[in-house]
Amino acid sequence: MEKERKTTARELVYTTIKKRILSGEYEPGCVLNEVNLSNDLKVSRTPTREALRNLEHDMLVTIYPKHGTVVNPLNLDVVHDVFQTRSLLEPFIIQTYGALIDRDRMVAALKAQLEIQCNSSTPYFHYKADEDLHQIIIQANPNRYITETLQTVYDQNQRFRILTGTKSKERLIRSCEEHLDILNTLLCGNFETAAQKMKEHLTASWQATIQVIASQS
């Protein structure tokens, strides 16, 4: 029973801190104090320490012994690594496993949503639609090593998406149009073309992210 409570506490702390990092509440470079986090979340330091170790494994924080834990920065090197990985793997999944994508239900449903709300000025809708599209693709992938890699990359991408989305409303709308183009091509079963369109979409997102981060440096 004690072990079960400990596991639950660790998972709660891990999920809460991760959510705050991905949402931008804990900004890049923010110092996370183990004692303050434990007090805030009303848990002992042990589950907090374990959660921070897991977050370091996710490459979201870096632990500096005797100095504290720092939320990892969003710099041009990270942008390059994230989008290079996505540009290699996501088009590959579409081209190789496109036939496994749930076109009749998931793709058609997301397309219908986008057609109605593509001009929405609410960033959350665009973030959710972007996440849904890429999850549709990753769910069709049977290679668990690729899946694990992409899930780690998507965490970093969520931080970029919020950063660029709040800076450029035009990019939100354009990204939605690119998603619709990809979905329409998937529905036609033209996976090679859909893979190319995904690569172009990721390149445009890559460039938009670079512009925002470079303007802040």
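**Notebook: disulfide and nonpolar cores**

I searched the whole structure, a predicted model, and found 1 disulfide. The partners are cysteine 118 and cysteine 176, with their sulfur atoms 2.2 Å apart. I then looked up where the two cysteines sit. Cysteine 118 lies in the loop between helix 5 (103–117) and helix 6 (123–139), and cysteine 176 lies in helix 8 (residues 169–187). The pair is 58 residues apart and links distant parts of the chain.

Are these two cysteines buried or exposed? I find both cysteine 118 and cysteine 176 buried.

Next I checked cysteine 188, which is in no disulfide. The nearest cysteine sulfur belongs to cysteine 118 and is 18 Å away. Cysteine 188 has 67% relative accessibility, so I count it as exposed. For cysteine 30 I noted a relative accessible area of 25%, so I list it as partly exposed.

I turned to the nonpolar cores. The largest has 28 residues. Those with the most contacts inside this core are Ile94, Leu110, Leu114, Leu133, Leu150, Leu186 and Met198. Which helices supply at least two residues each? I listed helix 4 (76–97), helix 5, helix 6, helix 7 (144–167), helix 8 and helix 9 (191–216). Helix 6 gives the most to this core, with 6 residues.

Leaving out residues up to four places away in sequence, isoleucine 94 touches Ile137, Leu186, Phe191, Ala194, Ala195 and Met198.

Technical notes: Residues numbered from 1 in each chain as written. Predicted model: local features only at pLDDT ≥ 70, side-chain atom pairs only at ≥ 80, totals over all residues. Heavy atoms only, no water. Disulfide = S-S within 2.5 Å. Helix = DSSP H or I, 4+ residues; strand = E, 2+ residues; numbered from the N terminus. Buried < 20%, exposed > 50% of the residue type's maximum accessible area, 1.4 Å probe, protein only. Core = buried A, V, L, I, M, F, W, Y, C linked by side-chain atoms within 4.5 Å. Contact = heavy atoms within 4.5 Å.
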